[in-house]
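Subject: Structure handover

Hello,

Here is the structure I promised to pass on. Please open it first and then read the notes below it.

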Amino acid sequence: MFCCNEMKPFLLTRHNAIKDEVMQLAKYAGFKAEDSGLGRIIAEDGRQGDTLFTGLGQGGYDNLVVDYCVANACAPTYVHQAAAVQGHALRHLEEIKIAKYRALYKRVGVDFKPMAMELHGAISDTFSKFLKKLSSAAAERNDIPYCIMFSYWQRRISTALQKNNARILYLAQCKIDGQL
């Protein structure tokens, strides 16, 4: 089986596919979205957000940093609570990210939001609201009905997630079979 370090490139590919889709939607909506390069904002721990959006911050902040994360609700960390509470893994992962990064970003005048998804396709309320906001702006800017725009991007992001999940499973099976 894969060890954690062997899985990182495949997990990063899935993560980046989701990030790239949201950046495309933001640009289609007319917002500036910059990829990474944000390490200078949080120098203390070397972490950086995934995307910096200009004009989408809230609470008096112009800029918003987003950090994408994918939770496996079947992982030992989540499974007991996730079996009883729908969306537990999403909320737990978001709470961890907020506790770790929100104050650091606020100190430098930047809003922060984690965008959590579950391996099986569920998205957090925060992520859903963000997609709705971007879809609404894109629909208005491109004269396309909102319901069509939102549905399209929801499926596009979900497809990116599932396509990369399938790739991870395929590569894991190849590794088990000794083909890698």
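**Helix α5**

At 1.5 Å a residue, the 31 residues of α5 should span 45 Å, and the C-alpha atoms at its ends are 45 Å apart, which agrees. The expected span is 1.5 Å times one less than the number of residues in the helix. Helices (H or I, at least four residues) and strands (E, at least two) are DSSP runs, numbered from the N terminus.

This is a predicted model, in which local features need pLDDT of at least 70 and side-chain atom pairs count only at pLDDT 80 or more, while totals for chains, interfaces and linings use all residues. Residues are numbered from 1 along each chain as its sequence is written, and side-chain values use heavy atoms, with hydrogens and water left out.

Several residues of α5 are buried, among them Trp-153, Ile-157, Leu-161 and Asn-165. Buried means under 20% relative accessible area, exposed over 50%, and partly exposed in between (1.4 Å probe, protein chains only). In an α-helix there are 3.6 residues a turn, so residues three or four places apart point the same way.

Asn-165 lies in α5, which covers residues 146–176. Asn-165 counts as buried because its relative accessibility is 9%. Leaving out residues up to four places away in sequence, Asn-165 touches Arg-14 and Leu-119; contact means heavy atoms within 4.5 Å. After α5 comes Gly-178, with a positive phi near 80 degrees.

**The sheet**

Four strands form an open sheet in the order β1-β2-β3-β4, with mixed pairing. Its edge strands, β1 (32–35) and β4 (111–118), each pair on one side only. On average, neighbouring strands of this sheet are turned by 25 degrees against each other, direction ignored. Helix α4 (residues 125–142) packs on the sheet and touches β2, β3 and β4; the direction of α4 makes about 110 degrees with that of β4. Axes are lines fitted to C-alpha atoms, for helices over the stretch in contact, and angles run from 0 to 180 degrees between N-to-C directions.

Strands β2 (residues 51–54) and β3 (residues 63–71) run antiparallel and are joined by four bridges. Two strands pair if DSSP finds at least two bridges between them. Thr-51 stands opposite Val-66 in β3.

**Ala-26**

Ala-26 belongs to helix α1 (residues 4–28). Ala-26 counts as buried because its relative accessibility is 0%. Not counting residues up to four places away in sequence, Ala-26 touches Phe-31, Ala-33, Phe-53 and Leu-134.

Regards
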